[in-house]
Amino acid sequence: MKIASADIIVTSPGRNFVTLRITTDDGLTGLGDATLNGRELAVRSYLADHLVPLLIGRDAHRIEDTWQYLYRGAYWRRGPVTMAAIAAVDTALWDIKAKAAGMPLYQLLGGASRRGALAYGHASGRDVPELLDSVRAHLEAGYRALRIQTGVPGLGTVYGVATSSGSGDAGARYDYEPARRAADGRALPVVETWDTRAYLRHLPTVFEAVRHEFGPELPLLHDGHHRMTPVQAARLGKSLEPYDLFWLEDATPGEDQTALRLIRQHTTTPLAIGEVFNTAQDYQTLLSERLIDYVRSAVTHAGGVTAMRKLLDTAALFGVKSGLHGPTDISPVGMAAALHLDLAVHNFGIQEYMAHDPRTLEVFRTSFTFADGLLHPGENPGLGVELDDEAAAGYPYEPAYLPVNRLADGTVHDW
Ligand code: GCO
Ligand code: MG
């Protein structure tokens, strides 16, 4: 079974997505997600200009060999653009292999270890009353675990908080989409203002209010989004201990693995990190020193199904579980790949889930389901996602960027 062609589809049904479709000489097709939020066209070029020419004529069944050929063969290793491109090829080949076998991908990965993958949704509010409403709406929409993000008194728009109440069902009404355009409509990043001390004072009061209203049982998560120093993060972890978090995510900037040592020494709040990582090596210190509890990478950004399986198996050696990245900038193809792994691996922890925009689901026809708080990839052969080219063509690419943070004095800060 040889690779006959590979096409890259860039479409913006509510937000931008880059998708690779590989077609074999016997007519099977496979999809891979290559979306890198705010840098989409770089991955398209990497695929179109550098990988697709290498794929034509290769045996579609040789997934491991193709992965190594693209990774080692480039000589220049790692990085989000390279690894998103390799991930798309790898995921598309797994989709094809599972279709050829007539099985959903999770069966090829060892079969189901559970009924479904516990999902966490994004509850947020500009203030506490709005947050409590959002928690209620998400519970009504079926979520059984929630991430909690709020505005900070004295600051304007901040990471993780839905800015408008929009339309759609109760859960979707509070969803958060960070990539946007500046207020004047130009394709420039929005600038937000940040103050870590104000945030550290406010957040424990938010968790106090949520626990008071909803009790001790509901799993609650929080994303620090890389904005604290190690000592600030250690202090936050300690101050949140009474509220029994499922995890505190991305407390410090992702590049510095040793920062987690200091946090770990001071708090028993579970730690998660890794959505900006793109290889297993980024976790080497974190796993071998047991500095984290959950790995947060996306199949889409960390080398695909092959690489993610190896990462999760390595994490299992250290008792670390999965918490795969799943915001709306992971396409339904990337989400499906995550769900097949979630179902199959033993060390599953939780899966992030923000329902996609209805326009996205018009372009990507999915078979995964969300019921009783659990996601399931469905029983269709392969990933269980197909792309409607005609619908995709109706939503051309629209440049958009993630915001940039500045402190009150104008200094650029991590967003
Ligand atoms: C998360 C992430 C996202 C990222 C986004 C950037 O935990 O889901 O932090 O919200 O900000 O994926 O593109
Ligand atoms: Mg995050």
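Visitor: What makes domain 1 and domain 2 count as being in contact in this model?

Guide: Good place to start! The model is predicted, and in it 32 residues of domain 1 are in contact with 27 residues of domain 2. Contact here requires C-beta atoms, placed from the backbone, within 7 Å. The domain assignment of the protein chain sets domain 1 at 3–103 and domain 2 at 117–383. Taken over C-alpha atoms, their centres are separated by 26 Å.

Visitor: Which elements of domain 1 give two or more residues to the side that touches domain 2?

Guide: Those elements are S2, S3, helix H2 (63–73) and H3. The largest share comes from H3, with 11 residues. By class, that side of domain 1 has 14 nonpolar, 11 polar and 7 charged residues.

Visitor: Why are H2 and H3 called roughly antiparallel?

Guide: Two packed helices are described by the angle between their axes and the distance between the axes. The axes of H2 and H3 come within 10 Å and cross at roughly 170°. Angles over 145 degrees count as roughly antiparallel, and therefore H2 and H3 are given that description.

Visitor: Which residues of H2 and H3 meet?

Guide: From H2 come Ile 63, Thr 66, Trp 67, Leu 70 and Tyr 71, and they meet Ile 86, Val 89, Asp 90, Leu 93, Trp 94 and Lys 97 in H3. By class, this contact has 8 nonpolar, 1 polar and 2 charged residues.

Visitor: What makes S1 and S3 the edge strands?

Guide: The 3 strands form an open sheet in the order S1-S2-S3, with antiparallel pairing. Strand S1 (3–11) and strand S3 (29–33) each pair on one side only. Neighbouring strands of this sheet are turned by 20° against each other on average, direction ignored. Helix H3 (residues 80–101) packs on the sheet and touches S2 and S3, its direction making about 145° with that of S3.

Visitor: And ligand 1: what makes up the shell around it?

Guide: The shell has 3 nonpolar, 3 polar and 4 charged residues by class. Asn 37, Pro 178, Asp 223, His 225, Glu 275, His 325, Pro 327, Asp 329, Glu 352 and Leu 402 surround ligand 1.

Note on methods
Residues are numbered from 1 along each chain as its sequence is written. Chains are lettered from A and ligands numbered from 1 in the order in which they are written. This is a predicted model: local features need pLDDT of at least 70, side-chain atom pairs count only at pLDDT 80 or more; totals for chains, interfaces and linings use all residues. Two strands pair if DSSP finds at least two bridges between them. Helices (H or I, at least four residues) and strands (E, at least two) are DSSP runs, numbered from the N terminus. Axes are lines fitted to C-alpha atoms, for helices over the stretch in contact, and angles run from 0 to 180 degrees between N-to-C directions. Two residues are in contact if their C-beta atoms, placed from the backbone, lie within 7 Å. Domain bounds come from an automatic or database domain assignment. Ala, Val, Leu, Ile, Met, Phe, Trp, Tyr, Cys and Pro count as nonpolar, Asp, Glu, Lys and Arg as charged, and the others, Gly among them, as polar. A residue is near a molecule or strand if its C-beta atom, placed from the backbone, lies within 6 Å of it. Angles under 35 degrees count as roughly parallel, over 145 as roughly antiparallel, 65 to 115 as roughly perpendicular and the rest as oblique.
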